[in-house]
Amino acid sequence: TDGNSGAVGSYVHPVIVHAVAFTPTVVVEPLIVGENDDIFINVDPNSSPDRDGSEFLSVKITIPMDDDGPVGTLVPSMPIDPNSGIVFQLVDDGCYLVESLNGDAAEREMALDEFLNGGVQFVPRPGFSGVLPDDEGIKVEVFSTEVAVGDQLAMNNSAPDGTTGDDNTK
């Protein structure tokens with residue numbers, strides 16, 4: 001009230017809720033192989049605690065490079081079932097993207113788990129030999145994208161603040 005006339009003033013405050021992607025996790029098994037062994041990548045991407053189905057997981061696998069280019073390639077170890085919704089694509093030299101696009105969040109995660117546990121094979125470049133230690137090995141990153149706004153968090157993110165770097169990548 002204004003104290004004199006008894007009139008009431010009001011104001012409506014707009015409220016905007018920004019959907020934010022939650023942080024996913026990933027478990028990767030080390031590759032220990034013999035000289036003539038097949039080399040299968042075993043990756044277990046895990047979704048965030050968000051269960052409303054609005055997030056999609058993407059897995060980026062990057063093969064190390066030397067002066068001659070990527071030290072190898074990734075290939076599916078079996079034909080990809082077109083009904084699985086799995087998308088496996090080379091997006092840059094030595095950089096592959098794996099996504100599951102069909103079903104709800106649980107079905108997409110299950111399809112990724114099935115495909116990435118023995119479904120991808122590393123094929124060394126002809127003539128390549130060597131050791132790829134921890135920080136020079138095959139890099140696996142998992143991203144969670146919030147469909148509502150396209151907000152994306154990498155597994156090491158601490159805040160969706162637009163900063164970049166190994167520990168806080170958007």
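**Exercise 1. Which residue in E10 does Val59 stand opposite?**

First, the ground rules. The model is predicted; local features need pLDDT of at least 70, side-chain atom pairs count only at pLDDT 80 or more, and totals for chains, interfaces and linings use all residues. Residues are numbered from 1 along each chain as its sequence is written, and side-chain values use heavy atoms, without hydrogens and water.

Solution.
- Find the strands (DSSP runs of at least two residues, numbered from the N terminus).
- E3 covers residues 55-62 and E10 covers residues 139-146.
- They pair antiparallel over eight bridges; pairing requires at least two DSSP bridges between two strands.
- Val59 faces Val142 in E10.
- E3 is also joined to E8 (residues 95-100), antiparallel, by five bridges.
- There, Val98 is the bridge partner of Val59.

**Exercise 2. Determine whether Gln121 is buried or exposed, and list its contacts.**

Solution.
- Locate Gln121 in strand E9, residues 117-124.
- Its relative accessible area is 17%, so Gln121 is buried (under 20%; exposed is over 50%, partly exposed in between; 1.4 Å probe, protein chains only).
- Skip residues up to four places away in sequence; Gln121 then touches Asp38, Ile39, Phe40, Thr73, Leu74, Val75 and Ser77 (heavy atoms within 4.5 Å).

**Exercise 3. Find the nearest side chain of opposite charge to Arg108.**

Solution.
- Arg108 sits in helix H1, residues 105-116 (helices are H or I runs of at least four residues).
- Arg108 is buried.
- The nearest side chain of opposite charge is Asp104, 6.2 Å away.
- Arg108 has no salt bridge (a side-chain nitrogen of Lys or Arg within 4 Å of a carboxyl oxygen of Asp or Glu).
- A polar atom of the Arg108 side chain lies 2.7 Å from the backbone oxygen of Gly103.

Definitions and conventions:
Lys, Arg positive; Asp, Glu negative; His and termini not counted. Polar contact = N/O pair within 3.5 Å; in protein donor to acceptor, adjacent residues only side chain to side chain.
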